[in-house]
Amino acid sequence: MKFLKWTGRIAGGVALTLVVCGGTVFGFRMYNKNKYPVTQASAGLQDKGAYPTNDRVRPIEGEYLNGFHFSPEKRSHEGTVVVYGGSEGSPSYEQAKALSEKGFEVLALYFFGQDNQKPSLAQVPLEQFNEVVEYAEKSIENPTPITAIGTSKGAEFTANLAAHGYPVDNLINFTPAHYSYPGLDFSSQDEKPSFTHDGKPVPFASFRNGDAKVGIKLMWDMATAYPPEYRPTYENAAEHADDQAAIDLSGFDGNALFLAGDQDKMWQGEVAAKALAEQAPAFESVIYPGAGHLFMEDIESMGNGWQIMFGGTVDGNAKAAKESMELVT
């Protein structure tokens with residue numbers, strides 16, 4: 001009987017501890033969600049129906065292809081520009097709109113998250129780009145050269161397209177990655193690749209290697225809805241990565257431009273930009289002082305917490321947004 005009483009007290013103590021911990025986490029979540037609305041800033045960006053269309057901006061869809069075709073009122077450049085957003089799952093609509101207004105024919109595309117695509121940013125096939133090229137050849141007059149523009153995880157995606165020999169003539173990466181990283185699918189305990197090529201995983205730098213304290217801190221931030229500063233996680237993964245996880249553009253014979261801010265809090269974009277640019281004479285990197293992970297003229301519209309999650313200053317991000325667009329166009 002004493003044993004049963006003793007074990008009962010232990011079980012009761014454990015249960016009480018769990019209740020207290022759960023209540024603490026819940027309290028932190030409610031507080032942080034209210035104080036840092038940036039954590040909800042990407043909500044709705046995957047919704048294709050939320051973006052306006054007209055006779056010059058039409059929705060397109062194929063077997064895997066999904067997004068929008070922007071036709072400029074007066075075309076001033078030959079070729080096709082293909083733009084991709086980042087882990088928020090957007091088609092980089094506003095970037096495409098700005099480029100179209102400069103006279104470019106633009107495809108603003110999702111690379112995951114739509115009904116005909118991989119549901120999350122994991123095991124995303126690089127082969128989807130072949131369908132993009134086929135669409136451009138059938139639907140756009142003078143479709144080449146093809147310029148692929150990616151931001152953040154979209155930069156990682158487009159850099160992998162170039163590295164694996166897909167028909168990209170010009171590569172432009174905003175806040176790039178010089179390693180492939182794990183997919184952002186946490187539905188199981190398995191660590192999945194972000195991308196596949198010919199059905200095989202693209203090697204990646206694991207989040208599970210290196211300093212465990214980095215991962216514990218990130219998990220706590222995510223559990224309590226505090227704006228996560230992901231950079232230490234990506235730095236830790238890159239530091240302990242195998243060479244095969246590095247994005248190798250030495251075989252890419254096109255032009256490449258890598259743009260980053262020197263105060264990136266999401267990942268080491270400026271380090272990646274320099275590392276990638278060093279791989280060939282035709283590559284160039286530009287690092288913007290005072291800019292973070294997102295180049296935005298009004299980054300405060302993201303909501304409080306952007307300073308922690310993305311980095312940079314209001315003026316630095318705005319200047320990078322303006323000058324990078326001038327450079328690209």
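Me: Hi! How many positive and negative side chains does the protein chain have?
Reply: Hello! This is a predicted model, and its protein chain carries 26 positive and 42 negative side chains.

Me: What box do the C-alpha atoms fill?
Reply: Along the principal axes, the box is roughly 85 × 40 × 40 Å.

Me: What share of the residues is buried?
Reply: Buried residues are 50% of the 329 in the protein chain. As for the accessible surface, it comes to about 16100 Å², and 53% of that belongs to carbon and sulfur atoms.

Me: Now the rings. How many aromatic pairs does the structure hold?
Reply: There are 19 aromatic pairs. One of them joins Y181 and Y234: their ring centres are 4.7 Å apart and their planes sit at 80 degrees, so this pair is edge-to-face.

Me: Where do Y181 and Y234 sit in the chain?
Reply: Y181 is in the loop between strand 7 (170-174) and strand 8 (195-197), while Y234 belongs to helix 6 (residues 231-239). They are 53 residues apart, and their pair links distant parts of the chain.

Me: Are those two buried or exposed?
Reply: Both Y181 and Y234 are buried. Y181 also forms a tilted aromatic pair with W267, with 5.8 Å from centre to centre and 35 degrees between the planes. W267 lies in the loop between strand 10 (255-261) and helix 7 (269-277), so its pair with Y181 ties together parts that are 86 residues apart in sequence.

Me: Which residues do ring pairs link into a cluster?
Reply: That cluster is made of Y84, F111, F112, F157 and F195.

Me: How many residues of helix 4 are buried?
Reply: Helix 4 (residues 153-163) is mostly covered, with 10 of its 11 residues buried. Among them is F157, a member of the ring cluster.

Me: What covers those buried residues?
Reply: The cover includes strand 3 (80-84), strand 5 (124-125), helix 3 (128-139), strand 6 (146-151), strand 7 and strand 8.

Me: And which residue with a positive phi follows helix 4?
Reply: That's G165, with phi near 85 degrees.

Conventions: Residues numbered from 1 in each chain as written. Predicted model: local features only at pLDDT ≥ 70, side-chain atom pairs only at ≥ 80, totals over all residues. Heavy atoms only, no water. Buried < 20%, exposed > 50% of the residue type's maximum accessible area, 1.4 Å probe, protein only. Areas by Shrake-Rupley, 256 points an atom, 1.4 Å probe, with all protein chains shown as cover. Lys, Arg positive; Asp, Glu negative; His and termini not counted. Charge placed at Lys NZ, Arg CZ, Asp CG, Glu CD. Phe/Tyr/Trp six-rings, centres within 6.5 Å; stacked < 30°, edge-to-face > 60°. Helix = DSSP H or I, 4+ residues; strand = E, 2+ residues; numbered from the N terminus. Contact = heavy atoms within 4.5 Å.
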